[in-house]
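Trainee: Could you take me through one part of this model closely, with the cut-offs behind each term?

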Amino acid sequence: QVQLVESGGGLVQAGGSLRLSCAASGSIFSINAMGWYRQAPGKQRELVAQITRGGSIVYADSVKGRFTISRDNAKNTMYLQMNNVKVEDTAIYYCNTPYSLGRDLWGQGTQVTVSS
């Protein structure tokens, strides 16, 4: 049974930094693609960043140059380094895979709140 647990969220001032972590109970990081998603009030859930085992990375235009995604397959852990955060980054952040098996893996996420 695979379970994903996000952590590292909290309150941060605009311009500051946060590091989010995603820990998996199973070997989900053997899966090719893993990503960070977020959902803000009144908005649809969106892909923030995605990384493959081969090192291919995709970022949403809104976070390019500010966020960095990484993964440590040996530790079954994925990270999102968030630098120079903006108020519009405020959302609940989730980790998951874009493949169909991810539909049953959505957890509680971790809340990121950026103050001006």
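**A close look at the sheet and its surroundings**

Mentor: Gln-1 is found in the segment that comes before strand S1 (4–7), where strands are DSSP runs of E with at least two residues, numbered from the N terminus, as helices are (H or I, at least four residues). The model is a predicted one, in which local features need pLDDT of at least 70 and side-chain atom pairs count only at pLDDT 80 or more, while totals for chains, interfaces and linings use all residues. Residues are numbered from 1 along each chain as its sequence is written, and side-chain values use heavy atoms, with hydrogens and water left out.

Gln-1 is exposed, its relative accessible area being 94%; exposed means over 50%, buried under 20%, and partly exposed in between, with a 1.4 Å probe and protein chains only.

S1 itself belongs to an open sheet of 4 strands, ordered S1-S3-S8-S7 with antiparallel pairing, where two strands pair if DSSP finds at least two bridges between them. S1 and strand S7 (67–72) stand at the edges, and because each has a single partner strand, one side of each is left without a neighbour in the sheet. From one strand to the next the twist averages 15°, taken between axes that are lines fitted to C-alpha atoms (for helices over the stretch in contact), with angles running from 0 to 180 degrees between N-to-C directions. S7 is joined to strand S8 (residues 77–82) by 6 bridges, the two running antiparallel, and Thr-68 stands opposite Gln-81 in S8.
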